[in-house]
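Here is a friendly tour of a protein model and the ligands that go with it. Have your viewer ready and follow along.

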Amino acid sequence: MAAPPKSKLPPIPTSERPTFAGPESPESPFPIRVSGPIIKGFGRGSSSLGIPTANIPIAGLDVGGNSSLESGVYYGYAAVPKGTGAGKPEGTGEAEVWDMCMSVGWNPFYQNERRSVEVHIIHKFPKNFYGAPLKILVLGFIRPEYDYKSLEALIDDINFDVTVTENSLKREAYAKLRSDEWLRRVDDVDMSLKDEEPRPKESEDEKL
Ligand SMILES: Cc1cc2nc3c(=O)[nH]c(=O)nc-3n(C[C@H](O)[C@H](O)[C@H](O)COP(=O)(O)O)c2cc1C
Ligand SMILES: Nc1ncnc2c1ncn2[C@@H]1O[C@H](COP(=O)(O)OP(=O)(O)O)[C@@H](O)[C@H]1O
């Protein structure tokens, strides 16, 4: 699959966005369940944006039959191994759950040549956790992906997505889903999933 031409992307709205997204409770097709092992991205999330994003293979969308999920930004919950928040994953299979916002798409700002799933977990972790299992309960759509004019504009909008996510998940019907049964364990994640192609060599170099 190739990236859509930039001319097909929606224009960046000029008016202010609402501070929350979606209806009062999740509506079809949500909730959507997505999972996979955390793999390396292009190493730009932390270094260039100051916003780390945990990537899972694009095949992770297919776990719940969602490979055709529309590109864009979504909100919901992320489950990682218990103890990750303290930098010491326990390996018991039990999970800890955090708010998250997720970008699915081509990252037009960076002109990526393949689709990716990138999850910003709204928590400050003391260490990276590449290779850990990740489950995502997607509860609503925030916005399409845009081709920003500057890095600052991309960063500002992602930070606004964080606020939108936090506000949206505070609503009763969403807050209840934090204790969703599926999110309680991460030892059933298919860890054999691989990305379509290995990451380009340069991205490894950038990371070092
Ligand atoms: C909530 C959120 C929203 C994002 N929105 C966009 C977007 O509209 N356009 C875009 O080009 N990239 C967007 N990104 C993706 C960033 O460009 C991406 O996370 C960055 O390229 C880091 O990629 P890496 O982890 O592969 O290094 C978004 C990321 C997140 C977490
Ligand atoms: N709050 C967070 N959300 C997502 N990932 C995080 C977070 N804090 C630390 N990480 C770690 O940072 C990695 C992402 O860093 P990033 O700079 O975006 O690199 P990459 O391009 O390899 O994904 C994740 O894979 C995860 O191990």
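## About the model

This is a predicted model, in which local features need pLDDT of at least 70, side-chain atom pairs count only at pLDDT 80 or more, and totals for chains, interfaces and linings use all residues. Residues are numbered from 1 along each chain as its sequence is written, chains are lettered from A and ligands numbered from 1 in the order in which they are written, and side-chain values use heavy atoms, with hydrogens and water left out.

## The largest pocket

The largest pocket holds about 880 Å³. A pocket here is an open set of points on a 1 Å grid over the protein atoms alone, where a 1.4 Å probe fits and protein lies on both sides within 12 Å along at least five of seven lines; lining residues have an atom within 4 Å of a point. Grid points are joined across faces, edges and corners, and the volume is the space filled by probe spheres set on the points.

The lining has 42 residues, with G45, I51, P52, T53 and A54 nearest the centre. By class, 22 are nonpolar, eleven polar and nine charged (Ala, Val, Leu, Ile, Met, Phe, Trp, Tyr, Cys and Pro count as nonpolar, Asp, Glu, Lys and Arg as charged, and the others, Gly among them, as polar). β5 gives the most to this lining, with four residues; helices (H or I, at least four residues) and strands (E, at least two) are DSSP runs numbered from the N terminus.

## Ligand 1

Ligand 1 sits in the largest pocket, meaning that more than half of its atoms lie within 2 Å of the grid points. Around ligand 1 are 24 residues, and R44, T53, F109, E118 and Y146 come nearest (a residue is near if one of its heavy atoms lies within 4 Å). The shell divides into eleven nonpolar, eight polar and five charged residues, and α2 contributes the largest share, three residues.

Oxygen atoms of ligand 1 take part in several polar contacts, that is, pairs of N or O atoms within 3.5 Å. A polar backbone atom of R44 is 2.7 Å from one such oxygen, and a polar backbone atom of F42 is 2.9 Å from an oxygen of ligand 1. R143 brings a polar side-chain atom to 2.9 Å from a ligand 1 oxygen. On its own, ligand 1 has 620 Å² of accessible area, and the protein covers 99% of that (Shrake-Rupley method, 1.4 Å probe).

## Ligand 2

The space taken by ligand 2 is also the largest pocket. Its shell has 21 residues, G41, G43, S46, F129 and Y130 being the closest. Nine are nonpolar, nine polar and three charged. The largest share, three residues, comes from β5.

The backbone of I121 places an N or O atom 2.8 Å from a nitrogen of ligand 2. F42 has a backbone N or O atom 3.1 Å from a ligand 2 oxygen, and the side chain of N128 has an N or O atom 3.1 Å from an oxygen of ligand 2. Of the 560 Å² that ligand 2 exposes alone, the protein buries 97%.

## Backbone details

Most residues other than glycine have a negative phi, and most peptide bonds are trans. A cis bond joins S28 and P29, with omega about 15°, and the bond from F30 to P31 is cis with omega near 0°.

N107 has a positive phi, near 45°. Look for N107 in the loop between β4 and β5.

Methods
A polar contact is a pair of N or O atoms within 3.5 Å; within protein, one must be able to donate a hydrogen and the other to accept it, and residues adjacent in sequence count only if both atoms are side-chain atoms.
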